[in-house]
Amino acid sequence: MSTANGTTNGTTTVITNIASLVTNDPSLGDGSPLGLIQDAAVVIDGDRIAWTGDSREAPATDNRVDAGGRAVIPGFVDSHSHLVFAGDRTQEFNARMSGRAYSAGGIRTTVAATRAASDEELERNLTHYLAEALRQGTTTFETKSGYGLTVEDEARALRIASAHTDEVTYLGAHIVSPDFADDPAAYVALVTGEMLDACAPYARWVDVFCEKGAFDGDQARAILTAGKAKGLHPRVHANQLSYGPGVQLAVELDAASADHCTHLTDADVDALASGDTVATLLPGAEFSTRAEWPDARRLLDAGATVALSTDCNPGSSFTSSVPFCIALAVRDMRMTPDEALWSATAGGARALRRTDVGRLTPGAYADLALLDAPSHVHLAYRPGVPLVDQVWRRGVRVA
């Protein structure tokens, strides 16, 4: 069988008897953004999707898998995580849940632990959380540096990450390094100079935490512009803790994503709705910091593209579970179950400017999850229940 991109693999597999198949192609099935096909089948040829449609019309294949009347969805695309780190911040979380406010400063605790860790320890930690996420249906992930804040430590974080994903982000501008507390300008010069030179070969993206206590608008502009000059595309931690210039800067510089987007003016919402920058919402952070929820409904009604991601990190959102974030988005951010699933799959792909993941249509990667439920709605309907029963990545069952 030939795939849409013209390649052929000797082994083909059909997954049939699918109660509800989410394709994320509105030209298919019910015509909704999810492109739902009932009583469906999907054919895998090598690492790609070769066919989707009515189960009764599925072509002959080498192998056959019976979904048993369960739902199949695209693998989750987690477009924002911080997985190269050491240590944890249990004490900080405990104190925060006992009444202490969250600020950007806690990152320094993880910086100290990460610098002290060996390469082997960092990679072991990274692969542990990647396996955890994979079991919960995440088949594509982005991850960042940002817990080293020296030339050597940022470069090694990205080198380790790049062995496990193509979606690697240089975040030397997470906070001003403690070593430069008295001279932030010198740290910006390092981030845009020697550190960038060392890190750019391992990264696809450049990011900055544009926030009080981290980097202001002028510093963020300098960092992102320098990254672009090295061939890295911008992403921005924007408007998480307060109103600020991050969203406007992200749209102006054609950032793929403005992440957090908790505190938005009408002008910020209009900018996101009129540009190509995705608003990536990270409800795990609000859950873990008892902060104000982003208003997803406001963004969606304005026409902005929204993604959902875990923001998995040891300080403010220590979860690798996209299903948990979907449930939060539906319950507390006024998203529908359909919108939340789309945002965690196709929306995440948009935030990474990818068209080969986040959907189940011919030519896309065969990344999918089979749920122990007849519908994707159960992800929000049954929060906390491990509904992901099987995971296929690049055409191979991996969980």
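A: A disulfide here is a pair of cysteine sulfur atoms within 2.5 Å. By that criterion, a search of the whole structure finds zero disulfides. Please note that this is a predicted model, in which local features need pLDDT of at least 70, side-chain atom pairs count only at pLDDT 80 or more, and totals for chains, interfaces and linings use all residues. Residues are numbered from 1 along each chain as its sequence is written, and side-chain values use heavy atoms, with hydrogens and water left out.

Q: Is C210 buried or exposed?
A: C210 is buried, at 5% relative accessible area; buried means under 20%, exposed over 50% and partly exposed in between, with a 1.4 Å probe and protein chains only. C199 is also buried, at 0%.

Q: On to the sheet: in what order do the strands lie?
A: The open sheet has seven strands, ordered β3-β2-β1-β4-β15-β16-β17, with mixed pairing. Strands (E, at least two residues) and helices (H or I, at least four) are DSSP runs numbered from the N terminus, and two strands pair if DSSP finds at least two bridges between them.

Q: Which strands stand at the edges?
A: Those are β3 (48–54) and β17 (396–397); each has a single partner strand, so one side of each lacks a neighbour in the sheet.

Q: Which way do β1 and β4 run, parallel or antiparallel?
A: Strand β1 (residues 12–21) runs parallel to β4, and seven bridges join them. Within that pairing, I15 has V65 of β4 as its bridge partner.

Q: And how many bridges join β4 to β15?
A: Three bridges connect β15 with β4 (residues 63–74), and these two run antiparallel. V72 stands opposite L370 of β15. On the other pairing, β15 and β16 (residues 388–393) are antiparallel over four bridges, with W392 in β16 as the bridge partner of L368.

Q: Are the faces of β15 buried or exposed?
A: Both faces of β15 (residues 368–371) are covered: L368 and L370 are buried on one side, and A369 and L371 are buried on the other. In a regular strand, side chains alternate between the two faces of the sheet.

Q: Changing topic, at what angle do α3 and α4 cross?
A: The axes of α3 (residues 119–135) and α4 (residues 151–162) cross at roughly 45 degrees and come within 10 Å. Axes are lines fitted to C-alpha atoms, for helices over the stretch in contact, with angles from 0 to 180 degrees between N-to-C directions. That makes α3 oblique to α4, given that angles under 35 degrees count as roughly parallel, over 145 as roughly antiparallel, 65 to 115 as roughly perpendicular and the rest as oblique.

Q: Which residues make that contact?
A: From α3 they are D119, L122, E123 and L126, and from α4 they are R156, R159, I160 and A161; contact means heavy atoms within 4.5 Å.

Q: Finally, what about the phi of R290?
A: R290 has a positive phi of about 50 degrees although it is not a glycine. Most residues other than glycine have a negative phi. R290 lies in the loop between α10 (283–289) and α11 (296–302) and is exposed, at 59% relative accessible area.
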